[in-house]
Amino acid sequence: MRTLTFTVPSEYQDRKVLHYLRGCAGLSSRVIRNLKTYEDGILLNGEPVRTIDRLSAGDVLTVNLPDDPAEQLPPMPDSEFLEGELPEVLYEDEDLLIVNKPGTMAVHPSHNHQGDTLANWITFHRVREGRDPVMFRAVGRLDKGTSGVVVCALNAYAADRLQRGVEKEYLAVPSARLEGSGTIDAPIFRPDPIITLRVVDERGDRAVTHWEALETFDDRTLCRVRLETGRTHQIRVHFASIGAPLIGDTLYGTPSEEIARHALHCARAELTHPVTGERIIVNAPLPKDLSDLLKR
């Protein structure tokens, strides 16, 4: 159980418990409804309280988040992965687990990936460290072929607070010579709901990608990329739309003998810790396959 304690400020004098939980504490309606089903889910000065009860400045409000009914994901031990395919823990505490995901690893179990995903590895990691398994909550997923930073919330409160609150920076290697910097502002559309393919199309949702050339070669460029929106496959679709698909992108470009996946890496993430308010910055170094790609 994760226990959170809040001291009620003067601006919440005579206001309802619900107003504080939804406002200052930032809990979702779903989490609050769940807390109300537990006798000690919400306490005011150590005693059970209703969400319609009134607060006084200086009151101590305690929220006891129940343990999640963890998904029954089989743990995948390190020995089951090939060398170089293991995630690296970049940050971990009671609320967050941030890892550097290999590009060969899928994030979530699917029809094609059972037992060999990041979710399975995290179950193994927590058991190995003597901790209970938790429901897997990735805050912004990465495609299987994308390596780099993945932020995982370890409870419902952290997940709620982090929605749209993680700033990421990517490194991409499009298959063209690009110079300077630019912005691609083009809507992304999914023509067929059965197929994952996306295209630039006026029928789609607005998508904005900012890029900057860091190193330029004759037939490729190392770009720093920041997203203003977060559409599925956004970076891959946008670079393909300007005639520069990422090297190795078999969906939006062509296969490459130089790399076995699309050349995209989440290199940095910044976020405000959902409980402490601390600013956290994590960096994931460029993996060997992308580094080798730039040496050729």
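Here are some numbered notes on a predicted model, to read with the structure open beside you.

1. Start with the open sheet of 4 strands, whose order is S1-S4-S2-S3 with antiparallel pairing. Which strands stand at the edges? They are S1 (2-7) and S3 (47-48): each has a single partner strand, so one side of each is left without a neighbour in the sheet. If sheets are new to you, strands of a sheet pair through backbone hydrogen bonds, either parallel or antiparallel.

2. Have a look at S3 and its partner S2 (residues 42-44), which pair in the antiparallel sense over 2 bridges. To find the spot on screen, pick Leu 43: its bridge partner in S3 is Pro 48.

3. **Aromatic rings.** The structure holds 3 aromatic pairs. Take Phe 6 and Tyr 20: their ring centres are 5.9 Å apart and their planes stand at 65°, so this pair is edge-to-face. Anything over 60 degrees gets that label. The pair links distant parts of the chain, with Phe 6 in strand S1 and Tyr 20 in helix H1 (residues 17-22), 14 residues apart.

4. **Buried or exposed?** Phe 6 has 15%, so it is buried. Tyr 20 has 3%, so it is buried too. These rings also belong to a cluster: ring pairs link Phe 6, Tyr 12, Tyr 20 and Tyr 157.

5. **A hairpin.** Next, move along to strands S12 (residues 208-216) and S13 (residues 221-227). They pair in the antiparallel sense over 7 bridges, and they form a hairpin with 4 residues between them. A handy place to check the pairing is His 210, which stands opposite Arg 226 in S13.

6. **S13 has another partner.** Strand S8 (residues 166-172) is joined to S13 by 4 bridges, and the two run antiparallel. Here you can look for Tyr 170, whose bridge partner in S13 is Val 225. As you trace these strands, remember that in a regular strand the side chains alternate between the two faces of the sheet.

7. **Glu 169.** Still in strand S8, find Glu 169. It counts as buried because its relative accessibility is 13%, which falls under the 20% cut-off. What does its side chain make a polar contact with? The partner is the side chain of Arg 224, at 3.3 Å. Leaving aside neighbours within four places in sequence, Glu 169 is also in contact with other residues, including Val 225, Arg 226, His 265, Cys 266, Ala 267 and Arg 268.

8. **Asn 283.** This residue sits in strand S15 (residues 279-283). With a relative accessible area of 45%, Asn 283 is partly exposed, because that label covers values between the 20% and 50% cut-offs. Not counting residues up to four places away in sequence, Asn 283 touches Leu 90, Ala 267 and Arg 268. With Arg 268 there is also a polar contact of 3.2 Å between the side chains.

9. **A helix tucked in.** Why is helix H5 (residues 234-241) largely enclosed by the rest of the structure? Because 6 of its 8 residues are buried. The buried ones are Gln 234, Ile 235, Arg 236, Val 237, His 238 and Phe 239. Just after H5, check Gly 243, which takes a positive phi of about 80°.

10. **The cavity.** A search of the whole structure finds 1 cavity of 30 Å³ or more. The volume of the largest cavity is about 50 Å³. How many residues line it? There are 11, and those nearest its centre are Ile 122, Val 134, Met 135, Phe 136 and Arg 137. Helix H3 (118-128) and strand S7 (147-153) are the elements that give two or more residues to this lining. The largest share, 3 residues, comes from H3.

Key: Residues numbered from 1 in each chain as written. Predicted model: local features only at pLDDT ≥ 70, side-chain atom pairs only at ≥ 80, totals over all residues. Heavy atoms only, no water. Buried < 20%, exposed > 50% of the residue type's maximum accessible area, 1.4 Å probe, protein only. Contact = heavy atoms within 4.5 Å. Polar contact = N/O pair within 3.5 Å; in protein donor to acceptor, adjacent residues only side chain to side chain. Pairing = 2+ DSSP bridges. Phe/Tyr/Trp six-rings, centres within 6.5 Å; stacked < 30°, edge-to-face > 60°. 1 Å grid on protein atoms, 1.4 Å probe; cavity = no way out; pocket = protein on both sides within 12 Å on 5 of 7 lines; lining within 4 Å. Points joined across faces, edges and corners; volume = space filled by probe spheres on them.
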